[in-house]
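Hi,

Here is the structure I promised to pass on. Have a look first, and my notes follow below.

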Amino acid sequence: MESRGDQEPRGAEPEAPQTPSSAGTAAPSTSALPPSTPRVRPRLVFHTQLAHGSPTGKIEGFTNVKELYAKIAEVFSISPTEILFCTLNSHKVDMQKLLGGQIGLEDFIFAHVRGETKEVEVTKTEDALGLTITDNGAGYAFIKRIKEGSIINRIAAVCVGDSIEAINDQTIVGYRHYEVAKMLRELPKAQPFTLRLVQPKRAFDMISQRTKSSKCPGEGKVVSGRETLRLRTRGSATVEEVPSEFEEAATKMVDDLLESYMGIRDVELASTLVETSKEKRSPQEFARGLDSVLGEFAFPDEFVVEVWAAICKAKEACN
């Protein structure tokens, strides 16, 4: 939704006024020039609600996900740590609507907050648990997908949207999603372990109770704007054009590869991979670019080659 300075996004600073002059003519003194008018920064205001039900609030002035959560928390007088994740234009726990690194300038933000805590015991009978993990960019990893027929799919208490708070009493709050996925992969087979989960708060089983007639303001709204607020992990947010057809296709393919290789989904990370590939002429150049930008992930060579191939395929399909 990752991305994610303490200044509002701003456009380019106004250029210094040029002093007109011509041969044989003295330039007028600067005191005679009209004062320059500073360029007005756009005031980006977003509407927000708590997903389980609340009045509508307005937020502005954030440049990353942590600041976004702090602004939402301030509006509703809650702690930022209460917010598990946000969805755009839907109050439902819909992972297709999950806030990532882009927010449309007309998007309505729904914040899903902590609900009940539950513990489940799991026995790992296969290498893979069938979980896809993502995180909210502010310290909480949560379940984005459960594979049908998997070990976790057979445990009814575990649901998409549940935040993973601890594994065998070891808290993982503050861990990134790829770290949590690695911990789960490395758990030994045939040995039970415990997951402490926090589910999003719901008002009277809102998913089944709310109908189209009681739709929240902003839900289902068709966004007509052609610009988005791009949130970055490193650096300030910027207002940009919506991603091109190639960028959208390549990001989707790379996100799929992240899930198959690492058990995570992260649209912002996938978008960063695609952005890093630009102006690179070979997988070797691409790998060096990834090391300088995302060295902490230590992507294996075969994964880098697959990502490069997917990006090239998306580029060919869109040309």
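Let me start with a cysteine: Cys-318 is partly exposed, at a relative accessible area of 26% (buried is under 20%, exposed is over 50%, and partly exposed is in between, with a 1.4 Å probe and protein chains only). Cys-86, on the other hand, is buried, at 1%. The structure has zero disulfides, a disulfide being a pair of cysteine sulfur atoms within 2.5 Å.

Some housekeeping: this is a predicted model, where local features need pLDDT of at least 70, side-chain atom pairs count only at pLDDT 80 or more, and totals for chains, interfaces and linings use all residues. Residues are numbered from 1 along each chain as its sequence is written, and side-chain values use heavy atoms, with hydrogens and water left out.

Now the strands (DSSP runs of E, at least two residues, numbered from the N terminus; two of them pair if DSSP finds at least two bridges between them). S1 (residues 45–50) pairs with S2 (residues 57–60) in the antiparallel sense over four bridges, and Val-45 has Glu-60 as its bridge partner in S2. Six residues sit between the strands of this hairpin, where Gly-53 takes a positive phi near 120 degrees. S1 also runs parallel to S5 (residues 109–123), joined by three bridges; here Thr-48 is partnered with Ile-109.

Also in S5 is Glu-116, which is exposed at 58% relative accessible area. Leaving out residues up to four places away in sequence, Glu-116 touches Leu-197, Val-198 and Gln-199 (contact means heavy atoms within 4.5 Å). The C-alpha atoms of Glu-116 and Leu-197 are 8.4 Å apart, with the two residues 81 apart along the chain.

Cheers
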